[in-house]
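Me: I would like to go through this structure by asking what stands behind each term. Please set the values against the definitions.

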Number of protein chains: 4
Amino acid sequence: MKLGFIGLGNMGSGIAANALAAGHEVTVYNRTAAKMQPLVQKGAKPANDIKGACGGEAVITMLADDNAVEGAAFGAEGIIAGLAKGAIHVCMSTIGAALSERLASAHADAGQRFVAAPVFGRPDAAAAAKLFIVAAGDKDAVDACMPVFNSIGQRTFYFGLKPQYANLVKLSGNFLIASVIEALGEAMALVGKAGIDLHQYLDLLTSTLFSAPVYQIYGNLIAGKKFEPAGFAAPLGQKDIRLALAAAETLRVPMPLASLLRDRFLTLLAGGGEALDWSAISQLAARDSGQA
Amino acid sequence: MKLGFIGLGNMGSGIAANALAAGHEVTVYNRTAAKMQPLVQKGAKPANDIKGACGGEAVITMLADDNAVEGAAFGAEGIIAGLAKGAIHVCMSTIGAALSERLASAHADAGQRFVAAPVFGRPDAAAAAKLFIVAAGDKDAVDACMPVFNSIGQRTFYFGLKPQYANLVKLSGNFLIASVIEALGEAMALVGKAGIDLHQYLDLLTSTLFSAPVYQIYGNLIAGKKFEPAGFAAPLGQKDIRLALAAAETLRVPMPLASLLRDRFLTLLAGGGEALDWSAISQLAARDSGQA
Amino acid sequence: MKLGFIGLGNMGSGIAANALAAGHEVTVYNRTAAKMQPLVQKGAKPANDIKGACGGEAVITMLADDNAVEGAAFGAEGIIAGLAKGAIHVCMSTIGAALSERLASAHADAGQRFVAAPVFGRPDAAAAAKLFIVAAGDKDAVDACMPVFNSIGQRTFYFGLKPQYANLVKLSGNFLIASVIEALGEAMALVGKAGIDLHQYLDLLTSTLFSAPVYQIYGNLIAGKKFEPAGFAAPLGQKDIRLALAAAETLRVPMPLASLLRDRFLTLLAGGGEALDWSAISQLAARDSGQA
Amino acid sequence: MKLGFIGLGNMGSGIAANALAAGHEVTVYNRTAAKMQPLVQKGAKPANDIKGACGGEAVITMLADDNAVEGAAFGAEGIIAGLAKGAIHVCMSTIGAALSERLASAHADAGQRFVAAPVFGRPDAAAAAKLFIVAAGDKDAVDACMPVFNSIGQRTFYFGLKPQYANLVKLSGNFLIASVIEALGEAMALVGKAGIDLHQYLDLLTSTLFSAPVYQIYGNLIAGKKFEPAGFAAPLGQKDIRLALAAAETLRVPMPLASLLRDRFLTLLAGGGEALDWSAISQLAARDSGQA
């Protein structure tokens, strides 16, 4: 497949490398040009600007947030202006449902197709082609992208014609992860203050009902109070809870646990936690209980 | 091992039957005598009163709540009055940390030993000898009980000398389960109101980061809105969150998510949900969003 | 003073009438032209469009929300394009702090002055010239407007040079009112379910520590469950809590009580409460406790 | 009236002194005998024990909490054992609704009468005979006590035959005060972080809709961050919110704002705030926003 790839951060670099390794013809673009080098050495073509990455059948964006995606997509030098009719924009960022709807509509107006395909998985999973991909949008467009998805992830879930469904699934999934972090934080604040060994406690949890990766990964970070370097930084967590709450507000769905998480992230950031992993919100319960 | 067994409800009947099947010599007692019959037919001896079940090396209690355990343990006709010196009281109920401390102290004063051994698992797991047992108390006493634990559960976790540690682990574990219920309830209220199929959503979750029994079991109940018959009734859930919060208050550990759960259970019960499974609190987010 | 007045809803009509009665020369504009008639009969000049109301020393806007103010201010046909250099835009709407900053900046770029002057008071207070005005912005500009403020309100509070300060004060004031509504709702759900007479309860409160208008006004609405017609409609309450939380997010100030109010308003709106007074969120505690 | 008076702390001393000054015949008892001296010098008779204060028509208790009242009332040396038939126990402490019911029942069984009469007002109001008294219980008994109530307070509110009603009113009143503290704390965290002067902000509030003593008193403490010496100490606030929540649990009334306050008080106490005024919970919002 002839692909453009825009956004070569921690996640994007791994994804693009895997697509390239699978034999796709990849043109890359990144605002900080130096990040293109490793991929160019593996055979990617470098583009000078966004439009330069929009000449193929599809362009994949893996950018930081709504603003970055909006900036790349719209305007005279943007993706919508650059893509051919019938070409596909695959947006893998975790963006808001509202922006996803706007993109779908704008691409449709331009005779193009829009696929939302956010992913579950941290940078190591991206590098190992072990991502889970949540895709939604035009069925033919998603089918056309499957060779790419298969080269970068371990499984793709298709959620139907409305691209924003994929974003809602991703945002609510991140909400569920953050809920686990908060719950473990409170539980460990309680048993830890009583004097129970946190690793032994976690071993029990993950050996019984809580045997999922989300408890293993985050339980270890929390029990070990290891929040640097960040696998997924606190500002990103704050952003995703904000986007989940924004979608919930539009749909009029009160989510008190999400509201609690919102306040936790604001507290973490107000206290200087910008560089920490988002799981550091777990320590607020411990702090409020007078521990460390 | 020569055992007494007091409390033959959904959980206790299965546990006693498995102990019996493993060859232990079991005397049973239950306030409603009819519930003793199935076990007597399998070889258990019936006792006429609590003391009648206290003649062996150990007596196991599996009673409904703090009041029931307190009533059975103390007083002239109670377990403490009935047990021999050196004998062991194994309390498998989910009781509060404070009562556990009181029991440990009272048994020690009487020259007896107290083991807290609450379990994870619903009645089907009890019947299948698949419980997880969380034990704490005198090490020798726990060791002495291991043949019994092995006959009724799949694994025993030992949490040290303080019996209340086992209760804290159990209570905080139930808090974690209830947190999953609430988080899934909110997430499904959001994606469900948007129109996403809840079973497809759950399939994604349990196929990826949330592949633990707690998500499979409760996710299916919630997606299917199936809360009757109750595997674990709402008043029991309310009780356990209350006990977790009571322990947290004693230790001065604020737990805002537990507070949210407390309010959810009160709402469920105030609305007539006595007979429902505790996972029915998940529907409050859906109700508040105007669904059903 | 030669004034324009844009926005003649419940609040704006009363304010404009009082300014007119005080002898100011007032040109009015409202999208729905019929609402201009009563004021024209009292001596106001009607304008055909926004620019037509921008020919004086100052223009006052009293519009519904951020979108309406943004729409009126920017663009080729907007206030900024229409005002003379040195003229003043007085924005009395309850808008967000961020928009207030944008307006201040845009007016400054155009050589104009911007005063934020939101008010406390319901429509009857507007009609009676009993509003409290919270003003911020250029000191000379505010001083120049004092004759107008004196004709429409009972007191003006000046909060300094940054216009957004006035908006923050107003938004946080509405947050405080909503907090009183929530607190009274919970307290009355408790004592009411016990069987205590709510009006007798309110009489005690307002005769002792809680002798302020906010308790008298809202206490009576809540005790009497009288939420129609709305003095301040639920969607406006929801909007203001949203704007308070948005400002708090920008400043990184977690506000858990504001988060609770946010969820209350979403619940009220999701349940069909669009037309009710915002104090109807008080009934959610009663509902959750199984009352009516 | 011939009265006993048990409990001579900050509140009790002032109340007893006023009753004495009004000409009532007062016998006092306090566990720490030294506190009886000032009253004895004013004409009170000292008692050697609780029973010694129970010889009159009524005995008033003003003790710290449920445990203290329970300890004084029950048992062979307690008030119930000591009072004559027909005599009245007036409990002015802020106790739980459940204990109030138990006391009413036990006194009735002993042929005595029980009046719950908690008060609003801090120690200075007690000393100045400016308390507000909330009374409930047998009408004749309350009427008989009115001369005493008139000598110690500025107004008495009668809430009917069920003594616990007075306690619910008092507890929910303290919940309302704590709600004001929390709301002001969050609002001031927001406007304060933006740079707005807190005293100017408070002046606006108390000059407009929030002109009640509760805003004046607590607003000044919060704006001035003056929490020592405590007028009403944090552990007492924590106790009262706990009792309010306990009553709400019994009645099945979810109170999320009370739950928030509960967590705030636990946080304050866990952080070493034992000696601070309860209004110090207001600073947690400021702390969480990175201020101070």
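Me: In which strand of chain B does B:Glu25 lie?

Reply: B:Glu25 lies in strand E2 of chain B, residues 25-29. Strands (E, at least two residues) and helices (H or I, at least four) are DSSP runs, numbered from the N terminus. A word on the source: this is a predicted model, in which local features need pLDDT of at least 70 and side-chain atom pairs count only at pLDDT 80 or more, while totals for chains, interfaces and linings use all residues. Residues are numbered from 1 along each chain as its sequence is written, and chains are lettered from A and ligands numbered from 1 in the order in which they are written.

Me: Why is B:Glu25 called partly exposed?

Reply: A residue is buried if 20 or more other C-beta atoms, placed from the backbone, lie within 10 Å of its own, exposed if 12 or fewer, and partly exposed in between. B:Glu25 has 15 other C-beta atoms within 10 Å, so B:Glu25 is partly exposed.

Me: What does B:Glu25 contact, leaving aside its neighbours within four places in sequence?

Reply: Two residues are in contact if their C-beta atoms, placed from the backbone, lie within 7 Å. With those neighbours left aside, B:Glu25 is in contact with B:Lys2 and B:Leu3. As for B:Gly56, 31 residues from B:Glu25 in sequence, the C-alpha to C-alpha distance is 8.9 Å.

Me: Why is D:Gln216 called partly exposed?

Reply: D:Gln216 has 16 other C-beta atoms within 10 Å, and therefore counts as partly exposed. D:Gln216 is found in helix H10 of chain D, residues 213-223. Its C-alpha atom is 8.8 Å from that of D:Asp203, 13 residues apart along the chain.

Me: What makes both faces of strand E6 of chain D covered?

Reply: In a regular strand the side chains alternate between the two faces of the sheet. In E6(D), residues 113-116, D:Arg113 and D:Val115 are on one side and D:Phe114 and D:Ala116 on the other, and all are buried.

Me: How do you know that E6(D) pairs with strand E5 of chain D?

Reply: Two strands pair if DSSP finds at least two bridges between them. E5(D), residues 88-91, and E6(D) are joined by 4 bridges and run parallel.

Me: What makes a right-handed β-α-β unit with E5(D) and E6(D)?

Reply: The unit consists of E5(D), helix H5 of chain D (residues 97-109) and E6(D). A crossover is right-handed if, with the strands pointing away from the viewer, the path from the first strand over the helix to the second runs clockwise. Chain B has a right-handed β-α-β unit made of E8(B), helix H7 (residues 139-152) and E9(B). E8(B) and E9(B) run parallel, joined by 5 bridges, and B:Ala135 stands opposite B:Tyr158 in E9(B).

Me: Which classes of residue make up the side of chain B that touches chain A?

Reply: 50 residues of chain B are in contact with 50 residues of chain A. H8(B) gives the most to this side, with 17 residues. The side divides into 37 nonpolar, 7 polar and 6 charged residues. Here Ala, Val, Leu, Ile, Met, Phe, Trp, Tyr, Cys and Pro count as nonpolar, Asp, Glu, Lys and Arg as charged, and the others, Gly among them, as polar.

Me: How do you know that chains C and D meet through the same surface?

Reply: 100% of the interface residues of chain C are also interface residues in chain D, so the copies meet through the same surface. In this pair, 50 residues of chain C are in contact with 50 residues of chain D.
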